[in-house]
Amino acid sequence: MPLHSVSVAGVVVRDDGRVLAIRRADNGTWEPPGGVLELDERPEDGAIREVLEETGIRVSVERLTGVYKNMSRNIVALVFLCRPVDGVERTSTESTAVEWLTPEEVGKWMGEVYAVRVLDALDADTTPHVRAHDGCHLLESDISA
């Protein structure tokens with residue numbers, strides 16, 4: 001029986017509209033902070049933990065903004081809109097840089113499948129987005145709007 005891995009990510013937005021991002025230590029790509037959900041962990045708690053571990057920033061979760069499936073790796077990612085509560089930006093074993101990016105910088109610095117997660121979270125429509133991708137590019141939905 002095929003299994004899926006579940007990951008969580010936090011799109012952390014400051015009052016000035018800038019978004020928290022990390023440059024991953026393993027591959028150098030820019031992404032919102034996140035990682036694998038622990039078996040005994042609620043999704044929201046996983047997002048809070050991952051953001052803190054990777055950036056030093058403690059957050060509160062506002063809402064689920066999207067569900068993303070990597071069809072090539074069988075990973076389902078749950079993405080949450082978060083607000084910073086306290087902490088000081090720092091790198092970790094998983095991040096070589098931590099920055100607050102403008103939405104325009106997100107589009108330039110992040111690959112398509114990560115930029116869309118951030119931009120979906122910034123969308124004024126509060127309905128969670130559901131998307132599939134191949135690891136690099138979004139896949140078209142079979143559901144007609």
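Which residue in β3 does arginine 23 stand opposite? In this predicted model, arginine 23 stands opposite tryptophan 30 in β3. Residues are numbered from 1 along each chain as its sequence is written, and side-chain values use heavy atoms, with hydrogens and water left out. Because the model is predicted, local features need pLDDT of at least 70 and side-chain atom pairs count only at pLDDT 80 or more, whereas totals for chains, interfaces and linings use all residues.

Helices (H or I, at least four residues) and strands (E, at least two) are DSSP runs, numbered from the N terminus. Two strands are taken to pair if DSSP finds at least two bridges between them. Three strands form an open sheet in the order β3-β2-β7, with antiparallel pairing. Its edge strands are β3 (30–31) and β7 (95–101), each of which pairs on one side only. Strand β2 (residues 19–24) is joined to β3 in the antiparallel sense over two bridges. Six bridges connect β2 to β7, also antiparallel, and leucine 20 stands opposite tryptophan 100 in β7. Five of the seven residues of β7 are buried (under 20% relative accessible area, with exposed over 50% and partly exposed in between; 1.4 Å probe, protein chains only), so β7 is largely enclosed by the rest of the structure.

A further open sheet has six strands in the order β4-β1-β6-β5-β8-β9, with mixed pairing. Strands β4 and β9 (138–139) stand at the edges with a single partner strand each, so one side of each is left without a neighbour in the sheet. Within this sheet, β1 (residues 5–12) and β6 (residues 75–87) run parallel and are joined by eight bridges; valine 76 in β6 is the bridge partner of valine 6. Strand β5 (residues 57–70) runs antiparallel to β6, with 12 bridges between them, and asparagine 70 has isoleucine 75 in β6 as its bridge partner. The β5 and β6 strands form a hairpin with four residues between them, and asparagine 74 in the turn has a positive phi of about 55°.

Helix α1 (residues 43–55) lies across β2 and β7, running at about 65° to β2. Axes are lines fitted to C-alpha atoms, for helices over the stretch in contact, and angles run from 0 to 180 degrees between N-to-C directions. Glutamate 50 is located in α1 and counts as buried at 5% relative accessibility. Leaving out residues up to four places away in sequence, glutamate 50 touches Val8, Gly34, Gly35, Val36 and Glu94 (contact means heavy atoms within 4.5 Å).

The largest pocket holds about 660 Å³ of space. A pocket is an open set of points on a 1 Å grid over the protein atoms alone, where a 1.4 Å probe fits, with protein on both sides within 12 Å along at least five of seven lines; lining residues have an atom within 4 Å of a point. Grid points are joined across faces, edges and corners, and the volume is the space filled by probe spheres set on the points. The lining comprises 32 residues, of which Arg24, Glu31, Arg73, Ile75 and Tyr114 lie nearest the centre of the pocket. Elements giving two or more residues to this lining are β1, β2, β4 (34–36), β5, β6 and α3 (112–122).
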